[in-house]
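Open the model in your viewer and keep the selection tool at hand. The stops below go one selection at a time.

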Amino acid sequence: MSKWLESVDEGVVHVQINGEMKTYVAILKGVLAKRGHHGFAATGEATTDAVCRYFKRGDLIILDHAHLLQMRVIEQLTVFPDEHGIALALIGNAAGYKALLDAKTKQILSRVGGAMVHVNIPSAEDIDCILEAEQIFGRKEREFCHAIGCQDGGLRYLYETFREARKLHRLSGQEHLDVRFLKLGAANAGCWGSAS
C-alpha cells in the first residue's frame with residue numbers, strides 16, 4: 001500500500017530500512033536518494049537541511065521495517081513532523097509495536113500529534129479477499145495461501161510467494177498455477193521450508 005501511495009503521490013516517499021540503513025543520517029540519505037538527490041555530507045545537520053529543502057510541509061516520509069530502528073533514532077526523526085510539518089509514518093512488525101509501547105511513545109506521539117495504528121495478523125477473510133483478486137480458486141491452493149498469509153508479516157510473504165510462483169509458472173508453460181508452483185514460489189521467497 002505504501003509503495004502504491006508513493007507511485008501516485010509525488011509528496012510521498014517510501015524507504016525500506018535494512019541492516020545498512022539504521023542510523024539517522026543513513027535514513028535521511030536513503031530518503032533523499034529516493035528523490036534522486038545524492039552526495040550529501042554525512043552529518044545530521046546537513047542531511048536534515050537537505051530533506052527540508054526537497055520536501056515541503058504536508059509531504060510524507062514512510063519508513064518500512066521501522067522495528068529495526070533504535071528509539072533514539074525515532075526520536076531524532078520526529079524533528080520533521082514536529083518542526084517542519086513533514087509527516088512521518090513508521091511501519092513495523094508486532095515486535096516493533098511492543099518495543100514502541102514499552103518505550104515512552106506517549107511523549108513522542110503527543111509532541112508530534114501522531115497516532116499509532118496496530119494492524120493485527122491477517123485474518124482468513126483478509127486472505128480470501130486477496131485470493132479472489134489474484135484469481136486463486138483451488139482448494140489446495142487456497143489452503144496453502146492461508147498457511148502463508150495468516151501470520152505476522154503474512155501479506156508480504158503471500159505477495160512474494162505469488163511473484164515467485166508466477167515466474168516459475170510462466171517458465172513451465174502449464175495452464176494453471178497450482179499448489180506446486182505456490183510451494184516452490186514460497187520456498188524461493190524464503191517463507192516456506194520445503195517445496196515438497
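**Start just past a helix**

Select Q135. This residue sits just after α8 and takes a positive phi of about 60 degrees. Keep in mind that the model is predicted.

**Step back to the whole chain**

Now show everything as a cartoon. The chain has 11 helices and three strands. Trace the chain along its sequence and the pattern reads α-β-α-α-β-α-α-β-α-α-α-α-α-α. Of the 196 residues, 35% count as buried.

Select residues 124-133, which form α8. Which residues of this helix are buried? They are I127, I130 and L131. Look down the axis: the buried residues of α8 fall within an arc of 100 degrees, so they line one face of the helix.

What covers the buried residues of α8? The cover includes α9, residues 139-149, and α10, residues 154-172.

**From the loop to α10**

Select E134 and R166. They form a salt bridge, with the closest N and O atoms 2.7 Å apart. This pair links distant parts of the chain: E134 lies in the loop between α8 and α9, R166 in helix α10, 32 residues apart. R166 is partly exposed, at a relative accessible area of 26%.

The charged end of R166 sits over the ring of F162, 5.5 Å from the ring centre. F162 itself is buried, at 2% relative accessibility.

The chain has one aromatic pair by the rule used here. The rings of Y159 and F162 have their centres 6.0 Å apart and their planes at 85 degrees, so the pair is edge-to-face. Y159 and F162 are three residues apart in helix α10, separated by about one helical turn. Is Y159 buried or partly exposed? Y159 counts as partly exposed, at 39%.

**Another pair on α10**

Select E164 and K167. Their side chains meet in a salt bridge, 3.2 Å from N to O. These two are also set three residues apart in α10, about one helical turn. E164 is buried, with a relative accessible area of 16%. K167 counts as partly exposed, at 39% relative accessibility.

**Further along the chain**

Select D178 and R180. This salt bridge brings the closest N and O atoms to 2.6 Å. D178 counts as buried at 16% relative accessibility, while R180 is partly exposed at 46%.

**Last stop: a network**

How many salt bridges does the count give? The count comes to seven. For a linked set, select R35, K56 and D59, which are joined in a network of salt bridges.

Terms used. Residues are numbered from 1 along each chain as its sequence is written. This is a predicted model: local features need pLDDT of at least 70, side-chain atom pairs count only at pLDDT 80 or more; totals for chains, interfaces and linings use all residues. Side-chain values use heavy atoms; hydrogens and water are left out. Buried means under 20% relative accessible area, exposed over 50%, partly exposed in between (1.4 Å probe, protein chains only). Helices (H or I, at least four residues) and strands (E, at least two) are DSSP runs, numbered from the N terminus. The arc is that of the directions from the helix axis to the C-beta atoms. Contact means heavy atoms within 4.5 Å. A salt bridge is a side-chain nitrogen of Lys or Arg within 4 Å of a carboxyl oxygen of Asp or Glu. Rings of Phe, Tyr and Trp (its six-membered ring) pair if their centres lie within 6.5 Å; planes under 30 degrees apart count as stacked, over 60 as edge-to-face and the rest as tilted. A charge sits over a ring if NZ of Lys or CZ of Arg is within 6 Å of the ring centre and within 35 degrees of the ring normal.
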